[in-house]
Amino acid sequence: MNRKEFLRSGGLAALSFAGVSQSRLFAREKKAAPNVRVALIGTGLRGQGHLDLLLRRADVDLVAICDVDDRMLSSAKELITKSGKKMPKIYTGDPYAWQGLLREQKPEGVVIATPWEWHKPMIIGALEAGVPYVATEVMLGITLQDHWDVVKAAEKYNAHVMMLENVCYRRDVMAVLNMVQQGVFGELVHLQGGYQHNLRGVKFNNGQQAYGGGCEFGPKAFSEARWRTEHSVHRNGDLYPTHGIGPLAHYININQGNRFMNLCSFSSKARGLHDYVVKECGPDHPSAKVNFKLGDVVTTSINCANGETILLQHDTSLPRPYSLGFRVQGTGGLWMDVANGIYVEGQSKNDEWDAAQVWLDKYDHPLWKRWSKETAGAGHGGMDFFVIHAFIESIKRKTKTPMDVYDAATWSAITPLSESSVEAGNQTVEFPDFTGGQWMYRKSNFALTDEY
């Protein structure tokens, strides 16, 4: 789903509360316990998507929101007013206003939807303030040490840190998980995924609209172009691996009987962003003078303890349709999302693809069967519903989140490790074990039932 489709189906352009009061989640259920007290830090476009989902729930009390951008705060307050919910306490006016929120409100759960460089300090700040559950947008941190710091903080405070990696809940991804768990593909051998998404209109805009319309980035830009593009200027590696690696990690039980052993990355030349600026705004535009460091296509190979290989690709600076490029291949067959095909030896016609949807419908995951109506209007084709649902249900039940801090660190650490590999001339680098050896004994609790 591209961003225009996201806006039409689940983003700001479609954030309407018409009829929500009639279908508000859990509205008919008797409350067995007090509502979960949740705060939201970051009310940008992504944060407002989460805000929508939190406001839909009758089991959540939104106690506070925080942002430094008045325009985004105004949009967020409008959504809250339309929902009929009580206006939460507003924290703003200072880049560190979130610290006051944590100190004064002491929420049970915090949702963080801010620029990447703020994730680590906000996560650790929440843990230090006594918040037992923290949900963060991707990524977990910038440096490898950031990832270790978050893991150690979560362990120190016996708290739960969940990355809101929504693609793990994509309907086809979960159907394939069901197929993997039932042995349809046999023993898995090789997997592929990535982030293959034309982000040129995200990294540049005219300062007024979120996507495209100009070639500004940094302080003169709006939304993600204000901060995200700087990473393409100064960094070279797989800057966004979690959409691809999260689902693949679940397929092969990473951190639960398996782990990543080492990694090697290659980066192509960087041409796409410069070419875009010249075509859109001319060679004399200031952004055309910028030397972008990020290679247009970054390819990363990972080797696993149980013998599987993984190929990831980061491709965001060139013209292309959106695709995460999933391939799940085993001794009995494979799924390739780009081909919209599945092949199962002994059941498919010899050397011919089956239409994937036939298999995906047959193995539709129990979570989607149960909650498909509640996903209506949620962002990214409905899968955003599941990450917030899982987070809130974990808090209510006082259980660990289905994706934990070790998952978050392992998936997100691919970025600094790939940067190190590229910088070192494509050398293979060792993958750290954030679990401290416990990967051999830990058991997964991701999507085991139809509850969350």
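Q: Why does Glu393 count as buried?
A: Glu393 has 3% relative accessibility, and buried means under 20% relative accessible area, exposed over 50% and partly exposed in between (1.4 Å probe, protein chains only). Glu393 therefore counts as buried. A word on the basis: this is a predicted model, in which local features need pLDDT of at least 70, side-chain atom pairs count only at pLDDT 80 or more, and totals for chains, interfaces and linings use all residues. Residues are numbered from 1 along each chain as its sequence is written, and side-chain values use heavy atoms, without hydrogens and water.

Q: What makes the contact between Glu393 and Lys396 a salt bridge?
A: The closest N and O atoms of Glu393 and Lys396 are 3.0 Å apart. A salt bridge needs a side-chain nitrogen of Lys or Arg within 4 Å of a carboxyl oxygen of Asp or Glu, so the pair of Glu393 and Lys396 qualifies. Lys396 counts as partly exposed, because its relative accessibility is 36%. Both residues are in helix H15, three residues apart, which means about one helical turn between them. Helices (H or I, at least four residues) and strands (E, at least two) are DSSP runs, numbered from the N terminus.

Q: Which residues are linked with Glu393 and Lys396 in a network of salt bridges?
A: Arg57, Asp59, Arg397 and Glu451 belong to that network too. The structure holds 24 salt bridges.

Q: What makes Arg235 and Glu419 a link between distant parts of the chain?
A: Their side chains meet in a salt bridge of 2.8 Å, N to O. Arg235 is in the loop between H10 and helix H11 (242-251), Glu419 is in helix H17 (residues 414-423), and 184 residues separate the two. Arg235 counts as buried because its relative accessibility is 9%, and Glu419 is buried with a relative accessible area of 17%.

Q: Why are four residues of helix H12 said to lie on the same side?
A: In H12 (residues 272-281), Gly272, Leu273, Tyr276 and Val277 are buried. They cover an arc of only 135° around the axis, so they lie on the same side of H12; the arc is that of the directions from the helix axis to the C-beta atoms. The buried residues of H12 pack against helix H9 (200-203) and helix H10 (229-234). After H12 comes Gly282, which has a positive phi, near 90°.

Q: Which residues touch the most other members of the largest nonpolar core?
A: Among its 118 residues, they are Tyr169, Phe185, Tyr251, Ile310 and Val328. Helix H15 (residues 383-397) gives the most to this core, with nine residues. Apart from it lies another core of nine residues, including Cys215, Leu273, Val277 and Ala288. Such a core is a set of buried Ala, Val, Leu, Ile, Met, Phe, Trp, Tyr and Cys residues joined through side-chain atoms within 4.5 Å.

Q: Why does Thr136 count as buried?
A: Its relative accessibility is 0%, so Thr136 counts as buried. Thr136 lies in strand E5 (residues 133-136). Its contacts (heavy atoms within 4.5 Å) include Ile112, His119 and Met162, leaving aside residues up to four places away in sequence.

Q: How do you know that both faces of E5 are covered?
A: Tyr133 and Ala135 on one side are buried, and so are Val134 and Thr136 on the other.

Q: What pairs E5 with strand E6?
A: Four bridges join E5 to E6 (residues 160-163) in the parallel sense, and DSSP pairing asks for at least two. His160 in E6 is the bridge partner of Tyr133. Between E5 and E6 the chain passes through helix H7 (residues 144-156) in a right-handed β-α-β crossover: with the strands pointing away from the viewer, the path from the first strand over the helix to the second runs clockwise. Strand E4 (residues 109-112) also runs parallel to E5, joined to it by four bridges.
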